[in-house]
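Reader: Hi! Could you walk me through this structure before I set anything up with it?

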Amino acid sequence: MTAKDLAVECREVVKDFGEGDTRIRVLRGVNFNARLGELTFLVGPSGCGKTTLISVIAGLLNSNAGDVELFGENIERLPANERILFRRKNLGFVYQQYNLLPALTAAENAAVPLLAAGVPRRQAVERAKHILVELGLGGRLNALPTKLSGGEQQRVTLARALVHEPRLILCDEPTAALDHATGETVMGLLASNAVSSSRAVIVVTHDSRVFHYADAIAHMDDGQIVKTESQRRAERAVVNGVEVSVDEMETV
Amino acid sequence: MLMNFVALKMLTGDRAKYLGLIFAIAFATFLLENQTSIFSGILKRTGSQITDITDAQVWVMDPKTEYFEQTKALKDTDLTRVRGVDGVEWAVNLYKGSPVARTMEGRFAVSFCIGIDDATLTGAPRKMVLGSWERLREPDSVVVDKAGYVLLFPGEPLELGRTLELNDHRATIVGISDASAPFVSWPVMHARYSEAVNFVGRERTQLSYVLVHPRPGIKPGDLCARIEQQTGLRARTTNQFCWDCIVYYLKNTGIPVNFGITIAIALIVGAVVAGQTFYLFTVENLKQFGALKAVGVTNWRLIGMILLQALTVGLVGFSIGTGMGATFFEIFSHQLATRGIILMWQSVALTGGCILFVVILASILSLRRVLVLEPAVVFRG
């Protein structure tokens, strides 16, 4: 692995919440890498610090110690405005609760990152529609979020994460609110549409049924990465109703 | 600019909340404009008999006179003394009394009786509904205002030639005027000075006011000062005397307190309801703002979005409320009892200022929550 391949590099990252007696250390010297062209899963029990870690990686929270580099840039050292611009240009988000704007149509929701970047409205919405069509939502472009199923909403969120062609996509439990079949569909779309040689995808998940999509899995517990596995992503195969997902795995 | 589209969609997306905000502001606007205009209209009535007389620019009266209805008769020689002041082009007498007017059918009402100069008819009502003020030259004639006529002859058509008794003196109606409504809803009668004093009953002195017109080039205010200096009487311009009446009623009646309370309640209720609704609207959308922050929308852009939302609801609500107010006054300004009470532009401007203050305050309170919002909130389930 070369530095050029690294999209995210976390070194000894510490994050505390609260003050004085109520201070809680959530991240305890985390070392974590994510490479371009890979789908990296961040897994672990509830409360182990997964969401805090991706919030720090996204520059939405500041760490108390350690370094977080995205594409060789220490995001925490950037002035506030530059950090926002960096995030706007380089990051896409997929959330467990979708966080779609209820008043906007599917296409308008997907276009929000482009609108925030100053792309003219018509152009932004056209680009968003194109991606939604690729994700199989061609017939729901003008539907409001309340008229969409959970899987459809998550696909809109995925389109919103992809529309501005970011270099890193952060997904927080993207399948947690979906049934297994829909979750599989969403993960399949994520794996086939989001991952490219110039982009990294980090997925926080509990859902072991989708682990076979991962190129690498970082196991987290009690605020630390306790194990990292890299695997060649399997072609998804189902034989007599049984998934065959992992064909090669290396534990670090 | 592009995010303005998102801001407006967020605002109007939830119809119930949007309409709630609009109507809170619209009703606050209506209440404020309504109460301030009625308040001003009622106070204007205290000087309406002064402003109705457009011939003269200066009023001369007893030094202790504070408002129109409070008169202490001057001596007849005071008229001559005023005429002698340098700068006076002409001066005429004016009488004001309050006889009881009684119809042949027995209906009666206390009335204002304005006695105007016999020779020139200065001070006669210029806006006539029926007949002519020049017919006041006929013996035992009066001009009565339309509202007074309707009060004395309810349900009957406007008609000249009817007779009245003014304190047992017979008088014939020779004209019906459109005099401005007085503070109390009494009929307003105009008659010649010599007859008006007979209607009311002669006293030792009769002269209520001297109406004065300055020579060309002499300012009314300057002439007032000269008259006061040379005669010891009180002299006020029409505008000053009108304001004297308003100030007197403000100081000596419960009107400002009563209206003040209503206006304050309208302001507080409007501010609280509109402010609270807008604040809750923003707070309920915090996660959406967090999502926008996460994708790289700056705090300045969010401030712009929230201010745009606030100004939009403020402008739409204010416009609807002003429309309601205009409709209200359009309907009621044609009623005799409420004639002359109109939606004043000053009320509209004042209310607009108040509404702007309320929505800006509500947005500032909301903005605080949005600005301190951690965008990481979007990752919380």
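Reader: Happy to start with the domains: how many Å separate the centres of domain 1 of chain B and domain 2 of chain B?

Author: Good place to begin, and do keep in mind that this is a predicted model. Chain B is divided into domain 1, made of 2–45 + 254–379, and domain 2, made of 75–232. Taken over C-alpha atoms, the distance between the centres of these two domains of chain B is 48 Å.

Reader: Which element gives the largest share of the side of chain A that touches chain B?

Author: In this interface, 26 residues of chain A are in contact with 22 residues of chain B. The elements of chain A that give two or more residues are α1 (50–57), α2 (80–90) and α3 (106–116). By class, this side of chain A has 15 nonpolar, seven polar and four charged residues. The largest share, five residues, comes from α2(A).

Reader: Last one: which element of chain B has the lowest mean pLDDT?

Author: For the model, the scores are ipTM 0.77 and pTM 0.73. Chain B has an average pLDDT of 87, and 98% of its residues score at least 70. Among the elements of chain B, strand β12 (residues 234–237) has the highest mean, 94, and the lowest, 81, belongs to helix α9 (residues 255–284) of chain B.

How values were computed
Residues are numbered from 1 along each chain as its sequence is written. Chains are lettered from A and ligands numbered from 1 in the order in which they are written. This is a predicted model: local features need pLDDT of at least 70, side-chain atom pairs count only at pLDDT 80 or more; totals for chains, interfaces and linings use all residues. Two residues are in contact if their C-beta atoms, placed from the backbone, lie within 7 Å. Helices (H or I, at least four residues) and strands (E, at least two) are DSSP runs, numbered from the N terminus. Ala, Val, Leu, Ile, Met, Phe, Trp, Tyr, Cys and Pro count as nonpolar, Asp, Glu, Lys and Arg as charged, and the others, Gly among them, as polar. pLDDT is the predictor's confidence in each residue, from 0 to 100. Domain bounds come from an automatic or database domain assignment.
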